[in-house]
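Biologist: Before I read anything into this model, I would like each label set against its cut-off. Could we go through the terms one at a time?

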Amino acid sequence: MNFFKFNKPNVQKQQEVTMQPTVQPFAQQRPSFQEPVARQELPVQSLSDNKKKQKDDACDFFHIDIYNIFKHNPEFFEKGESTDGRPIDKYILPLKTPELSVFLQVNISKYENGRYDLHFLSKSNEIPQELKDFIEYCADVLGADFMQKKYFSEDDVRDLRLGVFSRVWRREIRIENIYFTLSLTLFNIPPQEI
């Protein structure tokens, strides 16, 4: 299982043939997002575009340290099993500052190998700009999701109202609004040595 280890897409090749960035296997260093390629349809960069380009890693979008989540002292909840039957320890961490302006709590599923999944929960069905920026950044780095969706659009506004909004990059990130509340899951995060 891999987590956020990407190469910067080759701009020259993208102009010749539209290609999606490739996911590289995780190699014992801190996973990072590379600087996104500027989109053609935006001739003038806005202030928020400049901010997004300064983000070098997935963790730059969060107030908490997603690579050292246990330093935030989450509360042990229970032992359980993952969907594939592996034993996990479950933790809950209420957030002091809403993550991506919408998520108020994170549930942690820690596996025996030390890796963990973070499942961010909200009480809202509205997507704030910070989450739109995160979706755009993921699309720039990972390409289209498994349904060939990329950037937030008017169709997504409709899907939010219907409770069927999603962006899913398999084994990496899942954003959806099941039960008309937003959730974000980051999969298979390797803990970092301090």
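Modeller: Let us begin with Arg167, which is buried, its relative accessible area being 1%. The model is a predicted one, in which local features need pLDDT of at least 70 and side-chain atom pairs count only at pLDDT 80 or more, while totals for chains, interfaces and linings use all residues. Residues are numbered from 1 along each chain as its sequence is written, and side-chain values use heavy atoms, with hydrogens and water left out.

Biologist: Why is Arg167 called buried?

Modeller: Buried means under 20% relative accessible area, exposed means over 50%, and partly exposed is in between (1.4 Å probe, protein chains only). Arg167 has 1% and is therefore buried, and Asp156, at 2%, counts as buried too.

Biologist: What makes Asp156 and Arg167 a salt bridge?

Modeller: The term requires a side-chain nitrogen of Lys or Arg within 4 Å of a carboxyl oxygen of Asp or Glu. For Asp156 and Arg167 the N to O distance is 2.6 Å, so the pair qualifies under that definition. Asp156 lies in helix α4 and Arg167 in strand β5 (residues 166-169), so the bridge ties together parts that are 11 residues apart in sequence; helices (H or I, at least four residues) and strands (E, at least two) are DSSP runs, numbered from the N terminus.

Biologist: How do you know whether Asp159 and Lys149 are buried or partly exposed?

Modeller: Asp159 has a relative accessible area of 8% and is therefore buried, whereas Lys149, at 24%, counts as partly exposed. Their salt bridge has its closest N and O atoms 3.8 Å apart, and this pair links distant parts of the chain, with Asp159 in helix α4 (residues 154-162) and Lys149 in the loop between α3 (129-142) and α4.

Biologist: How much confidence does the predictor give the chain?

Modeller: On pLDDT, the predictor's confidence in each residue from 0 to 100, the chain averages 78, and 71% of the residues score at least 70. Over residues 5-52, however, the pLDDT is below 50. Where pLDDT is low, the predicted coordinates should not be read in detail.

Methods:
Contact means heavy atoms within 4.5 Å.
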